[in-house]
Amino acid sequence: MHTEEIQKFLNANKLPANKHLKISFKKRNPVYGVIVHCKDAVELESKNFWRIVPVANVKEWTKSKDINLSRLFHGSDFSKLTVEEV
């Protein structure tokens, strides 16, 4: 997916606390989590990279905002984004 497609999806689907994303990939299993914005978000998005915190780490992320709890993925590897209930 292109940066514009991902950004459009995120703008249209503001995620409340009880929901997360299912990020489907072309060549790997899906990842469940939330896309977060840190200090480097603008630079990453310009290169179509996205910082994702997996569902297992979301509670800790909301408390600490520790960047090490997230993983980077390139948007061109995404095949589909969907909103999921927690």
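This is a predicted model: local features need pLDDT of at least 70, side-chain atom pairs count only at pLDDT 80 or more; totals for chains, interfaces and linings use all residues.
Which side chain meets that of Lys 47 in a salt bridge? The partner is Glu 43, at 3.3 Å from N to O, a salt bridge being defined as a side-chain nitrogen of Lys or Arg within 4 Å of a carboxyl oxygen of Asp or Glu. Residues are numbered from 1 along each chain as its sequence is written, and side-chain values use heavy atoms, with hydrogens and water left out.

The structure holds 2 salt bridges. In the pair described above, Lys 47 is partly exposed, with a relative accessible area of 46%, and Glu 43 is likewise partly exposed, at 48%; buried denotes under 20% relative accessible area, exposed over 50%, and partly exposed the range in between (1.4 Å probe, protein chains only). A salt bridge also joins the side chains of Asp 40 and Arg 51, with an N to O distance of 2.6 Å. This pair links distant parts of the chain, 11 residues apart, with Asp 40 in the loop between E2 and H2 and Arg 51 in strand E3. Helices (H or I, at least four residues) and strands (E, at least two) are DSSP runs, numbered from the N terminus. Asp 40 is partly exposed at 23% relative accessibility, whereas Arg 51 is buried at 11%.

Helix H1 spans residues 3–12, and its buried residues are Thr 3, Ile 6, Phe 9 and Leu 10. These residues lie on the same side of H1, because they cover an arc of only 135 degrees around the axis, the arc being that of the directions from the helix axis to the C-beta atoms. An α-helix has 3.6 residues a turn, so residues three or four places apart point the same way. The face of H1 turned away from the buried side carries the exposed residues Glu 4, Lys 8 and Ala 12. The cover over the buried residues of H1 includes E1, strand E2 (31–36), helix H2 (41–46), strand E3 (49–54) and strand E5 (78–85).

Ser 24 is located in strand E1, which comprises residues 19–25. Ser 24 is buried, with a relative accessible area of 15%. Beyond residues up to four places away in sequence, Ser 24 touches Pro 30, Asp 77, Phe 78, Ser 79 and Lys 80, where contact means heavy atoms within 4.5 Å. Ser 70 occupies the loop between H3 and strand E4 (71–74) and is buried at 11% relative accessibility. Apart from neighbours within four places in sequence, Ser 70 is in contact with Arg 51, Ile 52 and Val 53. The C-alpha atoms of Ser 70 and Val 34 are separated by 9.3 Å, although the two residues are 36 residues apart along the chain.

Pockets and cavities were located on a 1 Å grid over the protein atoms alone: a cavity is a set of points where a 1.4 Å probe fits but cannot get out, and a pocket is an open set with protein on both sides within 12 Å along at least five of seven lines, lining residues having an atom within 4 Å of a point. Grid points are joined across faces, edges and corners, and a volume is the space filled by probe spheres set on the points. The largest pocket has a volume of about 510 Å³. Its lining consists of 21 residues, with Leu 15, Pro 16, Lys 19, Val 34 and Val 58 nearest the centre. Two or more lining residues come from each of H1, E1, E2 and helix H3 (58–64), and H3 provides the largest share, 4 residues. By class, the lining of the largest pocket contains 11 nonpolar, 6 polar and 4 charged residues.

The search of the whole structure finds 1 cavity of 30 Å³ or more, and the largest cavity holds about 60 Å³ of space. Residues lining the largest cavity include Asp 40 and Arg 51, and E2, H2 and E3 each supply at least two residues of this lining.

Two non-glycine residues are described here for their backbone geometry. Asn 48, in the loop between H2 and E3, has a positive phi of about 65 degrees and is buried, with a relative accessible area of 9%. Lys 65, in the loop between H3 and E4, has a positive phi of about 55 degrees. Most residues other than glycine have a negative phi.

Definitions and conventions:
Ala, Val, Leu, Ile, Met, Phe, Trp, Tyr, Cys and Pro count as nonpolar, Asp, Glu, Lys and Arg as charged, and the others, Gly among them, as polar.
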